[in-house]
Amino acid sequence: MKKASSIRRNRILSNTAIYIILVVMSIVWLIPFVFILLQSFRCENTWMVGYVIPQQWGWDNYVNLFKETSFLQWYGNTLIIACFNAVLQTLMVMMMSYALSRLRFKGRKFLMNAMLVLGMFPGFLTMIILYYVLKGMGLTQEGAVPGLILVYFASSGMGYYVFKGFLDTIPKSLDEAARVDGATRFQVMRKVVLPLSKPIVIYTVLTAFMAPWADYIFASYIAFGTSSGYNVAVGLYSWLTKDMINSNYTLFCAGGVCIAIPITILFMCLQKYYVEGVTGGAVKG
C-alpha cells in the first residue's frame, strides 16, 4: 500500500513538473504572437514603438490594409497557389505512394532509393535553373502564380514517405479480396484504400495548403520587382525595408494576423486527422 502511494505521488509530481514546463514553453512561444496582435490594433502611430499595449485601440490598420494596399491581391495569389497545390500535390503524392506501396515492379527499390538521395539535397540548389526555365515559359514576375504552382507540385511525388508508410499499414488482403470480386486497380484504390486513408489524405492536403503561405525565398526569387505576382510572405516582407517600416509597421502586424487566422482555424479543425496521419505514416514500409 505504501509503495503504491509512493508511486502515485511520484507520478503526480512528474506530471505537475511536465505541465509546468509545457505552460512556460507555451507562454514563451505565444509572446511574439500576442505582441503582433496587440500592435495590429494600435492607432496612435504606425511606426515601431517601445511599448506593447496600444494607447489608442481601433480597426484602422485592418481597414487600411484592405483599402489602401495590395494585400488583398497578395492574399488572393497565395490562396490560389495554396488551393491548387493542395489538390495537385495530394493527387501526386497519393498516386506515387499507392504505386510504391501496393505494386511490385522492376526498378522499384532503385526508384525509392534515388528519390531518397535526391531529397537530401536542399531545394535552393535548383533555384537558378528553375528561374531560367520559368522565365523562358513566361512564368516569372507577373506570371509568378502559375509558375509557383508548377514548381510546388512538380516534384511533390518525392515526398511520398509518410503517405506510403500509412498505406503499408492497410492489409493487402483487402485489395486481394476486392480483386477477386472483380474490382479494378482504380476501384480498389477509390473504394477500399482511400476510405481507410482519410487521416493521411487530410494530413497531406493540410501540409500542401500551408506550405505556400510560409514560402518566401523561392517566391521572392520568382516574383521579384512585380507586386502583382507577390504572395503574402513576399508582399509583407517588402514593408520591412528601411524606407517603409516606419509607415507600414502596424499594417504589417495586421497582415500577419490575417494570415495566421485561416491557417490556425484549419489546423485546429483538422488536428485529429493531422496527428493520426503523422503517427500512422511513421512506420517503416
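1. Asp168 is partly exposed, at 26% relative accessibility. Here buried means under 20% relative accessible area, exposed means over 50%, and partly exposed lies in between (1.4 Å probe, protein chains only). A salt bridge needs a side-chain nitrogen of Lys or Arg within 4 Å of a carboxyl oxygen of Asp or Glu.

2. A word on the basis. The model is predicted: local features need pLDDT of at least 70, side-chain atom pairs count only at pLDDT 80 or more, and totals for chains, interfaces and linings use all residues. Numbering runs from 1 along each chain as its sequence is written, and side-chain values use heavy atoms, leaving out hydrogens and water.

3. How many salt bridges does a search of the whole structure find? It finds 2. Arg102 and Asp175 form one, with the closest N and O atoms 2.9 Å apart. This pair links distant parts of the chain: Arg102 sits in helix H3 and Asp175 in helix H8 (residues 172-180), 73 residues apart. Helices (H or I, at least four residues) and strands (E, at least two) are DSSP runs, numbered from the N terminus. Arg102 is buried at 8% relative accessibility. Asp175 is buried at 6%.

4. Aromatic pairs number 16 in the structure. Rings of Phe, Tyr and Trp (its six-membered ring) pair if their centres lie within 6.5 Å; planes under 30 degrees apart are stacked, over 60 edge-to-face, and the rest tilted. Phe41 and Tyr62 make a tilted pair, 5.4 Å centre to centre with 45° between the planes. Phe41 lies in the loop between helix H1 (2-40) and helix H2 (60-67), while Tyr62 lies in H2, 21 residues apart. Phe41 is buried at 17%, and Tyr62 is buried at 11%.

5. Tyr131 and Tyr221 pair edge-to-face, at 5.5 Å centre to centre and 65° between the planes. Tyr131 is in helix H5 and Tyr221 in helix H11, so the pair ties together parts 90 residues apart in sequence. Tyr131 is buried at 11%; Tyr221 is partly exposed at 29%.

6. Ring pairs also build a cluster. Phe66, Phe71, Tyr75, Phe209 and Trp213 are linked this way.

7. Helix H6 spans residues 144-154, and its buried residues include Ala144, Val145, Gly147 and Leu148. Ile149, Val151 and Tyr152 are also buried there. What covers the buried residues of H6 includes helix H3 (71-102), helix H5 (127-136), helix H10 (198-214) and helix H11 (217-222).

Definitions and conventions:
Contact = heavy atoms within 4.5 Å.
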